[in-house]
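Please look over the sequence and the model below before reading on.

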Amino acid sequence: MYKKELDSFGKQTTKDLVLNYIKMGLKASGAFESGLVYETSDKSIEIKAPLHARAMETGRRKGSLPPVDDILKWVKLGKIVKKDDITDEQLAWAIARKIQRDGIKVPNKHNVGKVISSILLDGRIAKLLEQIQKKELNNVEVEIFKYYKNV
């Protein structure tokens, strides 16, 4: 029923989300852009992002140890300057422990925040709803015309 409009919305929105996260300097491993997908049906759309997207948007509470393997991949990409006397593994564990102890506050000097909400709340949802409303109104008008034509 609205699949064309929803597919167009999903394609453009996921593209804009990736461009925004790159522009904001948040690209590390590329897991966000490769894990960002949308699914549509005739009447709905769902945009799915990797779990760490929430931390990029709003930060992370202290408490549990984050996935050290993911942090190690990030360290190996060279996204952080390290001293020669520490291994990548040691640095990844130190970062994980600091996140566990303090969490991640967003905004911060590396992430101003709102990487996702600044895109989703830019008026595009209202525009999509307006498109669907116009299409539905047109469908109603066509049905009324058909009804009176056959009367």
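A crossing is called right-handed if the near helix is turned clockwise from the far one by less than a right angle, and left-handed if it is turned anticlockwise. In this predicted model, helix α4 passes helix α5 in a right-handed crossing. The two helices pack at an angle of about 125 degrees, with their axes 9 Å apart, and α4 and α5 are therefore oblique to each other. By class, the contact of α4 with α5 has 11 nonpolar and three charged residues, and no polar ones. The residues that meet across this pair are set out here.

| Helix | Span | Residues in the contact |
|---|---|---|
| α4 | residues 68-76 | V68, I71, L72, W74, V75 and K76 |
| α5 | residues 88-102 | D88, E89, L91, A92, W93, I95, A96 and I99 |

Turning to the other helix, α1 has 21 residues and reaches 30 Å from its first C-alpha to its last, which is close to the 30 Å expected at 1.5 Å a residue. The buried residues in α1 are E5, L6, F9, G10, T13, T14, D16, L17, V18, N20 and Y21. One of these, N20, lies in α1 within residues 3-23, and N20 counts as buried because its relative accessibility is 9%, where the cut-off for buried is under 20%. Leaving aside residues up to four places away in sequence, N20 touches K114, V115, S118 and I119. Just after α1, G25 takes a positive phi of about 75 degrees.

Notes:
Residues numbered from 1 in each chain as written. Predicted model: local features only at pLDDT ≥ 70, side-chain atom pairs only at ≥ 80, totals over all residues. Heavy atoms only, no water. Helix = DSSP H or I, 4+ residues; strand = E, 2+ residues; numbered from the N terminus. Buried < 20%, exposed > 50% of the residue type's maximum accessible area, 1.4 Å probe, protein only. Contact = heavy atoms within 4.5 Å. Axes fitted to C-alpha atoms, helices over the stretch in contact; angles between N-to-C directions. Parallel < 35°, antiparallel > 145°, perpendicular 65-115°, else oblique. Nonpolar A, V, L, I, M, F, W, Y, C, P; charged D, E, K, R; others polar. Expected span 1.5 Å × (residues − 1).
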